Amino acid sequence: MTRYEAVHAHPDGDATVARLALAASEYGYDGLVVRNHGDALPEYDADRISAEYGIDVVEGVEIRADDPGRASGFVGSHRDSRTIVALHGGTVELNRFAVEQPAVDVLAHPMVGDGDFNHVLAKAAAKNGVHVELSLARVLRADGGERVQALRDLRKLRELLADADAPFVVSADPRSHLQLRAPRELRALGDVLGFDTDAIETGLAAWGDLADRNRERGSDAFVEPGVRLDGE
């Protein structure tokens, strides 16, 4: 099973894509999804970095928008140019929009801010194949009451996704190479959270599965979404 991490690089974060790729390869990751927000996209050569550090570098984006109308426009503008399109949730309206849009790959941060998640949204995510992020960022980097709430949110979210058999991804959401955590550290955190033994591994692998699926869909083997050329 492959393992991918999804990161914010400079100028969204504090480290370049190359520095993050080096650290991720040393930690044993197979791939790195660059998920900068749409207004802070980095400049980098994914193929060169992949070749230099022996790690798959996936061009992604994490869309931020004030409302579903603007989010829809941003999804349309990025869908053809980015391998993975995530939407930054955190409000009930944006969470609902994301899980109802097959063009969105990942609903990121559904429980931050005023965000919430319920069984209706979990079922919509399962129906539309939208992966919901189990973000470990607040658990890893917050303390006190905020960390306690983050633990509760993650457990609730995991239970809802499991009940609906909805797809999910896992990320520590690092913004520098210093915030990267090895897969074994994330597995240990999953044990503390009470997750299934393979939940963390499944969530890390899902980023790579999404990249493989979308690259195939974008290849010449498909004449339109869901339709393959004869003989392929």
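## Exercises on pockets, cores and a helix

The second largest pocket holds about 160 Å³ of space. Here a pocket is an open set of points on a 1 Å grid over the protein atoms alone, with protein on both sides within 12 Å along at least five of seven lines, and lining residues have an atom within 4 Å of a point. The volume is the space filled by probe spheres set on the points, which are joined across faces, edges and corners.

Before you start: this is a predicted model, where local features need pLDDT of at least 70 and side-chain atom pairs count only at pLDDT 80 or more, while totals for chains, interfaces and linings use all residues. Residues are numbered from 1 along each chain as its sequence is written, and side-chain values use heavy atoms, leaving out hydrogens and water.

**Exercise 1.** Describe the lining of the second largest pocket.

*Step 1.* Among its 13 lining residues, His109, Met111, Val112, Ser135 and Arg138 are the closest to the centre.

*Step 2.* Now look for the elements: β6, α6 (137-141) and α7 each give two or more residues to this lining. Helices (H or I, at least four residues) and strands (E, at least two) are DSSP runs, numbered from the N terminus.

*Step 3.* The largest share, 4 residues, comes from α7.

**Exercise 2.** Find which residues of helix α5 (residues 119-128) are buried, and where they lie around the axis.

*Step 1.* Leu121, Ala122, Ala124 and Ala125 are the buried ones. Buried means under 20% relative accessible area, exposed over 50%, and partly exposed in between, with a 1.4 Å probe and protein chains only.

*Step 2.* These residues sit on the same side of α5, because they cover an arc of only 160 degrees around the axis. The arc is that of the directions from the helix axis to the C-beta atoms.

*Step 3.* The buried residues of α5 pack against α4 (92-99), β6 (131-135) and α7 (144-164). Contact means heavy atoms within 4.5 Å.

**Exercise 3.** Explore the largest nonpolar core.

*Step 1.* This core has 59 residues, of which Val57, Phe117, Leu134, Leu136 and Leu161 touch the most other members. A nonpolar core is a set of buried Ala, Val, Leu, Ile, Met, Phe, Trp, Tyr and Cys residues joined through side-chain atoms within 4.5 Å.

*Step 2.* Pick Leu136: not counting residues up to four places away in sequence, Leu136 touches residues including Leu154, Val170, Leu186 and Ile200.

*Step 3.* A second, separate core has 12 residues, among them Tyr4, Val33, Ala206 and Trp207.

Key. On a 1 Å grid over the protein atoms alone, a cavity is a set of points where a 1.4 Å probe fits but cannot get out, and a pocket is an open set with protein on both sides within 12 Å along at least five of seven lines; lining residues have an atom within 4 Å of a point.
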